[in-house]
Structures are given as structure tokens and as C-alpha cells.
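Reader: I should like to learn how to read several local features of a protein model. Could we take them one at a time, with the general idea before the case at hand?

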Amino acid sequence: MNPKTSVALLSCLLSPQLVQSHGSNSTALRGAKWSQQMANVTSSNESDQGQVGSLLDGHNLNETEALELQAEWGAEGWYGAYWHVGGDKVWGAGKGVEDVNAGNVGYYDKGMSAALAHCGGSACALIVNPPGHRSVDTFHIHFVHYSSYGAHLKDDLEALVCGKGGWHAGGPCGGRAAYFPGFPGVFSVAMGGGSLHHASVIAWPDSCGGRGTIVELAFGCSIEHQIRGDYNPALR
């Protein structure tokens, strides 16, 4: 079972409704073994983190085993557990933003919430790079404290969207941005701003006087290192 397939199955198999209708067993030996494997992946090295996307291979869970995982880990089940920290990133299933769709977007929204738990203040940005602009094809979300470029960009975005509804053209790479109260399901709302398949998705928490979040799309480019403050054009 590859990670992309597993995400689609998890959204169905690990629902509380399915557990209630089928019942469950309170033990999940295979799930526990897999959980231990995931706990062992702690390196911040991106090549090591490539393990995360492949740990599902060989674990072709049938419905009963999926339900056992639901019982083992509670209402969130595997669906909520499959986000793990390595370095300044959270790692999950799939290759990247091109895998997000209406059927699995809730899983990726949980990943953004996991990243927020590690950097949720007004000086933070949560970033996913698009295909062709990332170093590894395992889904990961950067959580960073931004530099002066990021501060100026956030100021510009706040002037563009705070107190206004809907999406507005602005930002690098023909981008768009919108303001949402609190912290929304980032990928769910981002899908309303355009196709995500070749977009950077950036969430700016604690924006607009701390009232909510700005979600930014930048199409066909990465501005992660500009936001971090370590951009080197010789390495691009």
C-alpha cells in the first residue's frame, strides 16, 4: 500500500461511524508495531525522513485491522496520528501538495494544525512547497520564524486582506491571499483560492491583530528560504 492510497483509505476506514457500525477489538499488534517504527524516525535529516512515507508499505490493513487501530488510538485513529516531527517540519503521507483533494483534505488540515502547535505565534509561518521546488517527495510542512523578508511580506498581506472577505490577488508568483478568523482548515480553505497542484501554501497564524490567519498561495515557486532569511540564489 503506498502512502497516497493509504490516505484515501484512512479517510474512510478510520471514521467513528464505521467503528460504531462494525464494532472493534481493543488490541492492534500490527498497529502497535507500526507505531513503534514511526516513533523511531526522529532524525532531522531529510533523507532519513523519507522513511516516513514508506512505512505503510507492507501493512496492507484490512477493514478489521483498521478498526483495531481506531480502537487503539481513539477517535482520531491512524488518521490523526500519522503526523510526526523531524527537524523544523511535520511529516505525513503522500508526496506533496499535489496529493491534496476533496476526499483527503481533512488529513492534511490536521497536519497544518500539528505544525501550528510547534510555531503558532505572530512571528511564524507554516509552509508547504510545490513539486519541483522541494528537496524530497514526502509530504512535509515547514514551521519557521520568519526574517525581515517574511515580516515585510506579512505586512503587505495584512494590508491586502485584513477586514476583507474573499481572495485577493497579491504576493509573489502571481499569488493570492485571504483572511480567515481563528485557525481554519488551511488546505480546505486554500482549495477555494485556486489549484493547489503547483502552489506553495503558506499559513500566517496570529495575523490581523491576532484575530485570525492569512492563507497565501504562490503559484509555481517556493519562497520558503526568503521567508526564513537564508535564501542563496547560488543554490537555487
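Reader: How many disulfides does the structure hold?

Author: A disulfide is a covalent bond between the sulfur atoms of two cysteines. This model is predicted, and the structure holds 3 disulfides. With bonded cysteines counted along the chain, they follow the pattern 1-2, 3-5, 4-6.

Reader: What is the handedness of the link of Cys119 and Cys124?

Author: The sulfur atoms of Cys119 and Cys124 lie 2.0 Å apart and form a disulfide. The link is left-handed, with -85° about the S-S bond. As for accessibility, Cys119 counts as buried because its relative accessibility is 3%, below the 20% cut-off for that class. Cys124 is likewise buried, with a relative accessible area of 3%.

Reader: Which parts of the chain does the pair of Cys162 and Cys208 link?

Author: Cys162 and Cys208 form a disulfide with their sulfur atoms 1.9 Å apart. This pair links distant parts of the chain, 46 residues apart: Cys162 is in the loop between helix H8 (148-161) and S5, and Cys208 is in the loop between strand S7 (199-207) and S8. The link is left-handed, at -85° about the S-S bond. Cys208 is buried, its relative accessible area being 3%.

Reader: Where do Cys173 and Cys221 lie?

Author: A disulfide joins Cys173 to Cys221, with an S to S distance of 2.0 Å. Cys173 is in the loop between S5 and S6, whereas Cys221 is in the loop between S8 and helix H10 (224-228), so the pair ties together parts 48 residues apart in sequence. This link is right-handed, with 115° about the S-S bond. Cys173 is partly exposed, with a relative accessible area of 34%, while Cys221 is buried, with a relative accessible area of 10%.

Reader: In what sense do strands S5 and S6 pair?

Author: Strand S5 (residues 168-169) pairs with strand S6 (residues 176-181) in the antiparallel sense, over 2 bridges. His168 has Ala177 in S6 as its bridge partner. The hairpin of S5 and S6 has 6 residues between the strands, and there Gly171 takes a positive phi near 85°.

Reader: How many bridges join S6 to strand S8?

Author: S6 is joined to strand S8 (residues 212-219) by 6 bridges, and these strands run antiparallel. Ala177 stands opposite Glu216 in S8. Ala177 is also the bridge partner of His168.

Reader: Turning to helices, why does the end-to-end distance of helix H7 agree with its number of residues?

Author: An α-helix has 3.6 residues a turn, so residues three or four places apart point the same way. For the length of helix H7 (residues 105-116), one applies 1.5 Å a residue: its 12 residues should span 16 Å, and the end C-alpha atoms are 17 Å apart, which agrees.

Reader: Which residues of H7 are buried?

Author: The buried residues of H7 are Val105, Tyr107, Tyr108, Asp109, Gly111, Met112 and Ala115.

Reader: What is the nearest side chain of opposite charge to Asp109?

Author: Asp109 lies in helix H7 and is buried, yet has no salt bridge. The nearest side chain of opposite charge is that of Lys110, 8.5 Å away, whereas a salt bridge requires the charged atoms to be within 4 Å.

Reader: With which residues is Asp109 in contact, leaving aside its neighbours within four places in sequence?

Author: Beyond those neighbours, Asp109 is in contact with Gly185, Val186, Phe187 and Ser188.

How values were computed
Residues are numbered from 1 along each chain as its sequence is written. This is a predicted model: local features need pLDDT of at least 70, side-chain atom pairs count only at pLDDT 80 or more; totals for chains, interfaces and linings use all residues. Side-chain values use heavy atoms; hydrogens and water are left out. Two strands pair if DSSP finds at least two bridges between them. Helices (H or I, at least four residues) and strands (E, at least two) are DSSP runs, numbered from the N terminus. The expected span of a helix is 1.5 Å times one less than its number of residues. Buried means under 20% relative accessible area, exposed over 50%, partly exposed in between (1.4 Å probe, protein chains only). Lys and Arg count as positive and Asp and Glu as negative; His and the chain ends are not counted. Contact means heavy atoms within 4.5 Å. A disulfide is a pair of cysteine sulfur atoms within 2.5 Å.
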